[in-house]
Amino acid sequence: LPFQLTAAQDKALQQVIHDLAQPHPMNRLLQGDVGSGKTVIAAAAIGIAGAHGAHSALMTPPSILAEQHYTTLRKLLPAAAGIPADRIRLLLGSTPEVDKAQIRKELESGEVLLVVGTHALLEDPVDFSKLGLAVIDEQHRFGVSQRAALRSKGAAPHLMVVTATPIPRSLALTLYGDLDLTLIDEFPPNRLPIETRVMRPIERARAHSFIRGQLEQGRQAYIIYPLVEGSEHVQAKAAVDEHEKLQQSVFPEYRLGLLHGRLGPEEKEQVMAAFRSGELAALVSTSVIEVGIDIPNVTVILIEGANRFGLAQLHQFRGRVGRGALPGRCLLLTE
């Protein structure tokens, strides 16, 4: 690995190695705050499975996060675990039918050692020749029957479910009593705490001016809205309308991107690619960026209508900033 594991990651890894060596399947819930390094533990489990000729499936809810995991693991696994990049495939609902058929064929023949995907992995025609490990990321987005459906694709594969949502121990036992709990309770050494501030609507101009200051330093920002488009029934700001206003009146000198669930997969990917490369200074979005997006240059997130989101969602949003060596700020504008 290009970095040292933290003591908490090392402990988690030892537990996983111990589980994988047992004659019965692993049932483990891996919980750790956003940015604590859970993906590398999942990658290690996938590497161990691959070394023994078993296949792995990593399932995650939004396609944006699945694509990100796919990119990360194609970089990490060949170097760290000897799994060739061409034996890792991505399967989404939006994957063209011809490619889906090819991936299914490769899964059945055993050519693919790891498939990363969304709910598309649960579709009936997807069969594995030797599924040894199922990893479910952002576990809170899937139901018990979906967890079971993925497991049923193999003969009692090992199961690892991963979540960044803080779950109190008593609740974890109630919800996931069938799972052993591993807690990664330590951050990598370069992570800085994220400053969170609650603001009133009259302070909006102040929030915008803080964002401008960050953009002037070459940093990037997220601006989150609860709705895609305005509604007569809900008095809340919407991403599409506000994107236009922000672009024209507030940040005319910067390029702002727009991302929401109604865009097609290709459009989403184009927007994310432009944002990652720095072509876009800020991204106006709905909750589609709630989980997993990792862009170290983003230092501020402004959440409009913060009272319309749940605590777990706000926790996830906050984790989108401060992912590099720069401090992160989370501004909650509440009605």
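Okay, let's start with Arg323, which is buried in this predicted model. An arginine, and yet its relative accessible area is 18%, which puts Arg323 under the 20% cut-off for buried. You'll find Arg323 in the loop between α10 and β13.

So what does the side chain of Arg323 reach? It makes a polar contact of 2.9 Å with the side chain of Asp294. The Arg323 side chain also gets to the backbone oxygen of Gly319, at 2.7 Å. If we skip the neighbours within four places in sequence, Arg323 is in contact with Val34, Gly35, Arg191, Ile293, Asp294, Ile295 and Pro296.

How many aromatic pairs does a search of the whole structure find? It finds 2. Take Tyr222 and Phe275: the ring centres are 5.4 Å apart and the planes are at 45°, so we call this pair tilted. Tyr222 is in strand β9 and Phe275 is in helix α9, 53 residues apart, so to speak a link between distant parts of the chain. Tyr222 is buried, at 0% relative accessibility, and Phe275 is buried at 0% as well. Then there's Phe317 again, paired with Phe309. That pair is edge-to-face, with 5.0 Å from centre to centre and 85° between the planes. Both of those phenylalanines are buried.

On to the nonpolar cores. The largest one has 33 residues, and the members that touch the most others are Ile41, Ile46 and Met160. Helices α1, α2 and α3 each supply at least two residues, and so do strands β3, β4, β5 and β6. Which element gives the largest share? That's α2, with 7 residues.

Have a look at Met160 on the screen. Not counting residues up to four places away in sequence, Met160 touches a whole list, including Val16, Leu30, Ile41, Ala45 and Ile136. There's also a second, separate core of 25 residues, and our friend Phe317 is in there, along with Met272, Ile295 and Val321.

Last one, for contrast: is Asp99 buried or partly exposed? Asp99 is in helix α4, residues 97-109, and at 35% relative accessibility it counts as partly exposed. The C-alpha atoms of Asp99 and Gly230 are separated by 37 Å, and those two residues are 131 apart along the chain.

Note on methods:
Residues numbered from 1 in each chain as written. Predicted model: local features only at pLDDT ≥ 70, side-chain atom pairs only at ≥ 80, totals over all residues. Heavy atoms only, no water. Core = buried A, V, L, I, M, F, W, Y, C linked by side-chain atoms within 4.5 Å. Buried < 20%, exposed > 50% of the residue type's maximum accessible area, 1.4 Å probe, protein only. Helix = DSSP H or I, 4+ residues; strand = E, 2+ residues; numbered from the N terminus. Contact = heavy atoms within 4.5 Å. Polar contact = N/O pair within 3.5 Å; in protein donor to acceptor, adjacent residues only side chain to side chain. Phe/Tyr/Trp six-rings, centres within 6.5 Å; stacked < 30°, edge-to-face > 60°.
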